[in-house]
Amino acid sequence: MKSKHFKSIIIPLIILALILLSWWQLTNYLSGQVPDGIITTNGRIEGTEVMISPKIAGRIETLLKTKGDLVQRGELLVKISSEQLVAKVKQSEAGVSVAEAAIREAEKNVRYWESKMDETVTAIEYTKKETSSRIAQAEAVFEAAKATLAEAEISLEELQNDYRRYKALHEDQLVPAQILDKAKTAFLVGEARLEAARKKQKEAQASLELARLGNLAVELREKEKKTAEAMLGQIREKLQSARAGLESAKAYKLEMEAYLKDTFLFSPTAGTVVDKMAEEGEVVNVGTPILTIVDLQQVYLKVFIPETEIGKIKIGNKASINVDAFPTKDFSAKVSKVASEAEFTPKEVQTKEQRVKLVFAAELKIENPEGLLKPG
């Protein structure tokens, strides 16, 4: 019971003390009285502004945000319409298709002439072997025919001499008619053998000449090979050119697609739209401002500290900010930047006397999670 009675007394007292403390601080602020160790100054709330503007010229097809709207990082804000760019993208796609078709045709021709080359080389090797073998055989047959002919000529000469001798002896009645007839028959057979040998030699010579014509076939094949090599070289150059054309067409297509992506404007940061400078349907040029975005959670107060007080200020010092729009609310802040050199008070300060004093610029980073404070 005592514990509950104690709590019922102490809690109201703590609340009363906090109210009195807040009232005392507010009274001091409104009356210009500042506790010792506290520096007061005035300033302007600022923020990093991001200007949304197109990279390409065109008509604003869609404008999704207006002044005061919250935006998220990466959110689509504006769509720019450009019929010429769409046409160029389609043209670039057609160019890629044409280049790919040219490559396929060139590759087909390369395969054909490579096959032709392989066939020609194989035919040349086969023809050379066959021609060499046939010439060797024909030369052997021809040499044999020559030998047979020479032998038949010698034999016929001997048979002719025998026939003449036996004929003379028969006329002198030294040999009978039978021996003469026999010598005559042998002579006639020798003549027939010689004629056959001559015919064989001619046939062998004709075969040899025919076999040697195979060399002409080899020469023709060699010419076919050179033609195939030349054609293959030309087709390969066309293939290389077609591949280069494809790379160029792809590069152009990527470039046009990149331009097409630029027709979509996304927010580079989270924040609030603080200004809208264009409307749907308007034609805008490159760089024309459309929206201005400020991240209200990243605002800061820019102040000027008198030269006599700057020694008391360090980065990280805590600060409390009051604005006319919220007279009873304190906004927490920290010193985030202090100038290293003094300057004359800027023109924003109200009186000329104050403007001639030397001051140091400082920035106070404000905690503004609800986005209550806005630049300006």
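These legends walk through several close-up views of a predicted model.

**View 1. Helices α2 and α3 lie against each other.**
Start with the helices. Helix α2 covers residues 83-171 and helix α3 covers residues 177-212. Their axes sit 7 Å apart, and the packing angle is about 160°. Since angles over 145 degrees count as roughly antiparallel, that makes α2 roughly antiparallel to α3. The crossing of this pair is left-handed. As for who is involved, the contact of α2 with α3 is made up of 22 nonpolar, nine polar and twelve charged residues.

**View 2. Helix α2 also packs with helix α4.**
Here the partner is helix α4, residues 214-261. The angle between α2 and α4 is about 165°, with 7 Å between the axes. That makes this pair roughly antiparallel too, and α2 passes α4 in a left-handed crossing. Count up the residues where α2 meets α4 and you get 29 nonpolar, nine polar and 17 charged.

**View 3. A look at Arg104.**
Arg104 is part of helix α2. Its relative accessible area is 51%, and since exposed means over 50%, Arg104 counts as exposed. Now find Ala242: along the sequence, 138 residues separate Arg104 from Ala242. In space, the C-alpha atoms of Arg104 and Ala242 are 9.2 Å apart.

**View 4. An open sheet runs β2-β9-β7-β4.**
Four strands make up this open sheet, with antiparallel pairing. At the edges are β2 (49-52) and β4 (70-71). Each of these two has a single partner strand, so one side of each has no neighbour in the sheet. Follow β2 across to strand β9, residues 291-294, and you'll find an antiparallel pairing over four bridges. In that pairing, Met51 has Thr292 of β9 as its bridge partner. Strand β7, residues 271-276, is joined to β9 as well, by four bridges, and these two strands run antiparallel.

**View 5. Zooming in on the side chains of β9.**
In a regular strand, side chains alternate between the two faces of the sheet. Take β9 as a case to look at: Leu291 and Ile293 point one way, while Thr292 and Val294 point the other way. All four are buried.

**View 6. Another open sheet runs β6-β5-β3-β8.**
This open sheet also has four strands and antiparallel pairing. The edge strands are β6 (264-266) and β8 (283-284), and each of them pairs on one side only. To see how β8 is attached, look at strand β3, residues 58-63, which pairs with β8 in the antiparallel sense over two bridges. Within β8, the bridge partner of Arg59 is Val283.

Begin at the hairpin, where two residues link β11 to β12. These two strands run antiparallel and are joined by five bridges. Ser320, for one, has Ser332 in β12 as its bridge partner. Look for Lys337 here, whose bridge partner in β14 is Glu363.

**View 7. The largest nonpolar core.**
In soluble globular proteins, nonpolar side chains tend to be buried together. The largest nonpolar core in this model has 19 residues. If you want landmarks, the residues with the most contacts inside the core are Ile45, Leu301, Ile321, Leu364 and Ile366. Which elements give two or more residues to this core? They are β10 (300-306), β11 (318-323), β12 (326-338) and β14 (358-366). The largest share comes from β14, with four residues.

Definitions and conventions. Residues are numbered from 1 along each chain as its sequence is written. This is a predicted model: local features need pLDDT of at least 70, side-chain atom pairs count only at pLDDT 80 or more; totals for chains, interfaces and linings use all residues. Side-chain values use heavy atoms; hydrogens and water are left out. Two strands pair if DSSP finds at least two bridges between them. Axes are lines fitted to C-alpha atoms, for helices over the stretch in contact, and angles run from 0 to 180 degrees between N-to-C directions. Angles under 35 degrees count as roughly parallel, over 145 as roughly antiparallel, 65 to 115 as roughly perpendicular and the rest as oblique. A crossing is left-handed if the near helix is turned anticlockwise from the far one by less than a right angle, and right-handed if clockwise. Ala, Val, Leu, Ile, Met, Phe, Trp, Tyr, Cys and Pro count as nonpolar, Asp, Glu, Lys and Arg as charged, and the others, Gly among them, as polar. A nonpolar core is a set of buried Ala, Val, Leu, Ile, Met, Phe, Trp, Tyr and Cys residues joined through side-chain atoms within 4.5 Å. Buried means under 20% relative accessible area, exposed over 50%, partly exposed in between (1.4 Å probe, protein chains only).
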